[in-house]
Amino acid sequence: MPSVRGGTGRSRRLKNEINVVPYIDVMLVLLVIFMVTAPMITPGLIELPSVGQASEVRAKPLEVQVSEDGTLSLRVRDSGQEFEQINSQNLVTEVRTRLTADTPVVIAADGRVPYETVMKIMDQLRSNGISKLGLLVDQKSTPER
């Protein structure tokens, strides 16, 4: 092991260690500062698009309705058309039989339906080649800010 000789003739050994205590002290001080200042930071506000800005659909879309209990219904969104209840397994085949090149598909879900359920339906339709998808909104009952 290398040694260093001092002026008095005694040899000292070199240490291969780092004293980490000052670094720990600095980290603890920074932690306390961040813990104190974090609740004082105001979160940013996000501007979401309002429902009144939704565009009108030119073609009569197919409407997939999801009720609160999870049942699915399908109809062409036209006056006088009735909803036809369908299975979630038959959703893609039923939509494809009524779909034309210009027909969009809109999903109308009850407000109490979990978001995950709506996203699963959208994913199921998109993964089977149905790309013109949208969400149906009620433009008359927009919440006041």
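Q: How many helices and strands are in the chain?
A: There are three helices and seven strands. Helices (H or I, at least four residues) and strands (E, at least two) are DSSP runs, numbered from the N terminus. The model is predicted, so local features need pLDDT of at least 70 and side-chain atom pairs pLDDT 80 or more, while totals for chains, interfaces and linings use all residues. Residues are numbered from 1 along each chain as its sequence is written, and side-chain values use heavy atoms, without hydrogens and water.

Q: In what order do the elements run from the N terminus on?
A: The order is β-β-α-β-β-β-α-β-α-β.

Q: What share of the residues is buried?
A: Buried means under 20% relative accessible area, with a 1.4 Å probe and protein chains only. Here that is 18% of the 145 residues in the chain.

Q: Why is strand β6 largely enclosed by the rest of the structure?
A: Because four of the five residues of β6 (residues 105-109) are buried.

Q: Which strands pair with β6?
A: Two strands pair if DSSP finds at least two bridges between them. Strand β3 (residues 62-66) runs parallel to β6, joined by five bridges. Strand β7 (residues 133-135) also pairs with β6 in the parallel sense, over three bridges.

Q: Which residues stand opposite isoleucine 107?
A: Valine 64 stands opposite isoleucine 107 of β6. Leucine 135 in β7 stands opposite isoleucine 107 too.

Q: What is the handedness of the β-α-β unit that β6, helix α3 and β7 make?
A: View it with the strands pointing away from you: a clockwise path from the first strand over the helix to the second is right-handed. The unit of β6, α3 (residues 115-127) and β7 is right-handed.

Definitions and conventions
Buried < 20%, exposed > 50% of the residue type's maximum accessible area, 1.4 Å probe, protein only.
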